[in-house]
Amino acid sequence: NAPASDADWDRVAANAVMLAESGLMLMSGPRDLKQPEWTQYASEMVRHARTAAEAAQKRDVDALLAAGDEIYTSCDTCHNKYMPAKVAAPPPG
């Protein structure tokens, strides 16, 4: 569902900005695994989260949903490689 009010849109934009900031944190200090794929996934998260924030600021539902799909894909790909619980999980099916 699309955000119903200006306050809802502002909250979505703020959360997207926080997600982008989280991606930047993944590439700094002790969180940085200093592996090319790690940096790539974190950079993708930042880029797509910024796109989501811009879409929310413009009140563009379609662009927001597209950015959300990209965020999900980049996060899920990273989690499948680096998240211990997912790496150790048996394949589905």
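This report describes loop residues, cysteines and salt bridges in a predicted model.

## Basis of the values

The model is predicted, and local features need pLDDT of at least 70, side-chain atom pairs count only at pLDDT 80 or more, and totals for chains, interfaces and linings use all residues. Residues are numbered from 1 along each chain as its sequence is written, and side-chain values use heavy atoms, with hydrogens and water left out.

## Two loop residues with positive phi

Lys34 sits in the loop between helix H1 (6–26) and helix H2 (36–58). Helices (H or I, at least four residues) are DSSP runs numbered from the N terminus. The phi angle of Lys34 is near 55°, which is a positive value in a residue other than glycine. Lys34 has a relative accessible area of 66% and is therefore exposed. Exposed stands for over 50% relative accessible area, buried for under 20%, and partly exposed for values in between, with a 1.4 Å probe and protein chains only.

Arg59 is placed in the loop between H2 and helix H3 (61–82). Arg59 is not a glycine, yet its phi is positive, at about 60°. With 32% relative accessibility, Arg59 is classed as partly exposed.

## Cysteines

A disulfide is a covalent bond between the sulfur atoms of two cysteines. The cut-off used here is a pair of cysteine sulfur atoms within 2.5 Å. A search of the whole structure gives zero disulfides. Cys75 takes part in no disulfide, and the nearest cysteine sulfur, that of Cys78, is 7.4 Å away.

Cys75 counts as buried because its relative accessibility is 18%. Cys78 is also buried, at 13% relative accessibility.

## Salt bridges

Side chains of opposite charge can pair when their charged atoms come close. A salt bridge is counted when a side-chain nitrogen of Lys or Arg lies within 4 Å of a carboxyl oxygen of Asp or Glu. Five salt bridges are found in a search of the whole structure.

One of them joins Asp10 and Arg59, with the closest N and O atoms 3.5 Å apart. This pair links distant parts of the chain, since Asp10 belongs to helix H1 and Arg59 to the loop between H2 and H3, 49 residues apart. Asp10 is partly exposed, at a relative accessible area of 45%, and Arg59 is partly exposed at 32%.

Lys34, the loop residue between H1 and H2, forms a salt bridge with Asp32, in which the closest N and O atoms are 3.5 Å apart. Lys34 is exposed, with 66% relative accessible area, whereas Asp32 counts as buried at 18% relative accessibility.

Lys81 pairs with Glu37 in a salt bridge whose closest N and O atoms are 2.9 Å apart.
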